[in-house]
Amino acid sequence: MKRTLFGRIWPNVTAAVLFVGCVFPVYWMFSTAFKPTGDIISENPVWFPTDFTFEHFRTATGVDHFWTYVSNSLIVTSLAVVFSLIIALAGSFALARMRFKGRRGFIVGFMLAQMAPWEVMVIAIYLIVRDASLLNSLIPLTVFYMMMILPFTILTLRGFVAAVPRELEEAAMVDGCTRVTAFRRVILPLLAPGLMSTSMFGFITAWNEFPLVLVINKEAESQTLPLWVSSFRTAFGDDWGATMAASSLFAVPILILFVYLQRKAVNGLTDGAVKG
């Protein structure tokens, strides 16, 4: 009886501890954003604030070029995700449906590209962008963000394409569809969960990227929100209230996207990993 009771309790206790460990930093960020400055710098932490202020949000959004940062992030991230999905649809279909020489090595190459940290290539990317006279432009950011999320997108969508019965595609072709038409009318609608899950993780990756834009875009008109979040420093030190307010605003689009696509994204990643 004791073993049975212990077996029921410890997984719940472990899950509760992990939940608190994951949620507490988010709670501290949002709560600090609303605290008065005196509570933030107090020697005794204010765990549950009673006084709320919006002054830090006004400071965070009142900086120069704030809306430029927002529009740049939305443009670069959205274009990178859209272009990567378009290319990944064709690439994943080829890897899942077609047999060609070097296919396994091609897949291994994509896995290795996914494992490589992009930070080690920042200097090389800077030299390429400089020689192409594209510094302080959104074009290289879009291209390299797309390349950054493309391997993951192709490998994940490959599992979804492989999970679609080949007979559905063959039946459509028997009815007169070409391979492209069969893909567009039969396979593409069935890939909706995979498209949503991969687009969500691609959006998060591109939205949070910091080192590349820091190196190649020095002008404020071409910078994105991650640099805005890190900019709240004064002669007296870091403005933690404004930093937490900016971090909260920066995280809101990701939280909204994650909550909206959570169920479909989890189901999608599970289904995409079944076969391939």
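# Helix packing and selected residues

Student: Why are H5 and H7 oblique to each other?

Tutor: In this predicted model, the axes of helix H5 (residues 103-115) and helix H7 (residues 138-163) come within 8 Å. Axes are lines fitted to C-alpha atoms, for helices over the stretch in contact, and angles run from 0 to 180 degrees between N-to-C directions. Angles under 35 degrees count as roughly parallel, over 145 as roughly antiparallel, 65 to 115 as roughly perpendicular and the rest as oblique. H5 and H7 are therefore oblique, since their axes cross at roughly 130°.

Student: How are the residues numbered, and which limits apply to this predicted model?

Tutor: Residues are numbered from 1 along each chain as its sequence is written, and side-chain values use heavy atoms, with hydrogens and water left out. Totals for chains, interfaces and linings use all residues, whereas side-chain atom pairs count only at pLDDT 80 or more and local features need pLDDT of at least 70.

Student: How many helices and strands does the chain have?

Tutor: Helices (H or I, at least four residues) and strands (E, at least two) are DSSP runs, numbered from the N terminus. By that rule, the secondary structure of the chain comes to 13 helices and two strands.

Student: Which hand does the crossing of H5 and H7 have?

Tutor: A crossing is left-handed if the near helix is turned anticlockwise from the far one by less than a right angle, and right-handed if clockwise. The crossing of H5 and H7 is left-handed.

Student: Which residues of H5 and H7 make the contact?

Tutor: Contact means heavy atoms within 4.5 Å. On the H5 side, the contact is made by Arg103, Ile107, Phe110, Met111, Ala113 and Gln114. On the H7 side, the residues are Met148, Pro151, Phe152, Ile154, Leu155 and Arg158.

Student: How many residues of each class does the contact of H5 with H7 have?

Tutor: Ala, Val, Leu, Ile, Met, Phe, Trp, Tyr, Cys and Pro count as nonpolar, Asp, Glu, Lys and Arg as charged, and the others, Gly among them, as polar. Sorted in this way, the contact of H5 with H7 has nine nonpolar, one polar and two charged residues.

Student: At what angle do helix H8 and helix H9 pack?

Tutor: Two packed helices are described by the angle between their axes and the distance between the axes. For helix H8 (residues 166-174) and helix H9 (residues 179-190), the axes are 9 Å apart and the angle is about 140°. That makes H8 oblique to H9, at an angle of about 140°.

Student: Which hand does the crossing of H8 and H9 have, and which residues make the contact?

Tutor: The crossing of H8 and H9 is right-handed. H8 contributes Leu168, Glu169, Ala172 and Met173 to the contact, and H9 contributes Arg179, Ala182, Val186, Ile187 and Leu190.

Student: Is Ser199 buried or exposed?

Tutor: Ser199 is placed in helix H10 (residues 192-208). Buried means under 20% relative accessible area, exposed over 50%, and partly exposed in between (1.4 Å probe, protein chains only). The relative accessible area of Ser199 is 17%, so Ser199 is buried.

Student: Which residues does Val81 touch?

Tutor: Val81 lies in helix H4 (residues 66-97) and is buried, at 9% relative accessibility. Not counting residues up to four places away in sequence, Val81 touches Ile149, Ser199, Gly202 and Phe203.

Student: What phi does Asn136 have?

Tutor: Asn136 is found in the loop between H6 and H7 and is partly exposed, with a relative accessible area of 27%. Beyond its neighbours within four places in sequence, Ser222 has Asn136 among its contacts. Although Asn136 is not a glycine, its phi is positive, at about 60°.

Student: Is Ser133 buried or exposed?

Tutor: Ser133 lies in the loop between helix H6 (122-131) and H7. Its phi is positive, about 60°, although Ser133 is not a glycine. At 65% relative accessibility, Ser133 counts as exposed.
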